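This report goes through one protein chain, from its overall make-up to single side chains. Please look at the model before reading on.

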Amino acid sequence: MLPAVSILQLIGFAVLLVAIVTWVTGLVRLARWERAEASGQRRRQQLLSSVPRQTGPGGPPSESVELSAAEREAFAGLVRQLTSRR
């Protein structure tokens, strides 16, 4: 033990050293987590870009079906029923 340093100063230095090590460790883990998240997003974007378009000039034409008046009314009733359940 150093003769010119009190025990309180040594304890304070140890606490400060532990706090610095904890802070640096947290920053390193945060940086690694951010890097992993960024690479995961890039992978997801690459996967999505590899899926072919489903409509438009590169894909099949879109389909549509004409509904009868009774079917349109039934669908409108269903939409009203579902939107009123808030």
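A residue is called buried under 20% relative accessible area, exposed over 50%, and partly exposed in between. The model discussed here is predicted. By that rule, glutamate 73 is partly exposed, because its relative accessibility is 49%. Tryptophan 23 has a relative accessible area of 58%, so this residue counts as exposed.

The chain as a whole comes next. Of its 86 residues, 3% count as buried. The chain has two helices and zero strands. Helix 1 spans residues 7–50, and tryptophan 23 is found in it.

An unreviewed UniProt entry carries the annotation "transmembrane region" for residues 6–28. The table describes the model over that stretch.

| Property of residues 6–28 | Value |
|---|---|
| Helix content | 96% |
| Strand content | 0% |
| Distance between the end C-alpha atoms | 33 Å |

Which residues form a nonpolar patch on the surface? The patch consists of Leu16, Ile20, Trp23, Val24, Leu27, Val28, Leu30 and Trp33. Together these residues have about 800 Å² of accessible area. Trp23, one of the patch members, is the exposed tryptophan described above.

Charged side chains are the last topic. Side chains of opposite charge can pair when their charged atoms come close. How many salt bridges does the count come to? The count comes to one salt bridge. Glutamate 73 forms a salt bridge with arginine 80, and their closest N and O atoms are 3.4 Å apart. This pair meets the rule because the cut-off for such a contact is within 4 Å.

Conventions:
Residues are numbered from 1 along each chain as its sequence is written. This is a predicted model: local features need pLDDT of at least 70, side-chain atom pairs count only at pLDDT 80 or more; totals for chains, interfaces and linings use all residues. Side-chain values use heavy atoms; hydrogens and water are left out. Patches are made of residues with over 30% relative accessible area and no salt bridge: like charges are joined within 9 Å, nonpolar side chains (Val, Leu, Ile, Met, Phe, Trp, Tyr) within 5 Å. Accessible areas come from the Shrake-Rupley method with a 1.4 Å probe; for residues, only the protein chains shown count as cover. A salt bridge is a side-chain nitrogen of Lys or Arg within 4 Å of a carboxyl oxygen of Asp or Glu. Helices (H or I, at least four residues) and strands (E, at least two) are DSSP runs, numbered from the N terminus. Buried means under 20% relative accessible area, exposed over 50%, partly exposed in between (1.4 Å probe, protein chains only). UniProt positions are given in the numbering used here, feature names are shortened, and annotations may be inferred rather than shown by experiment.
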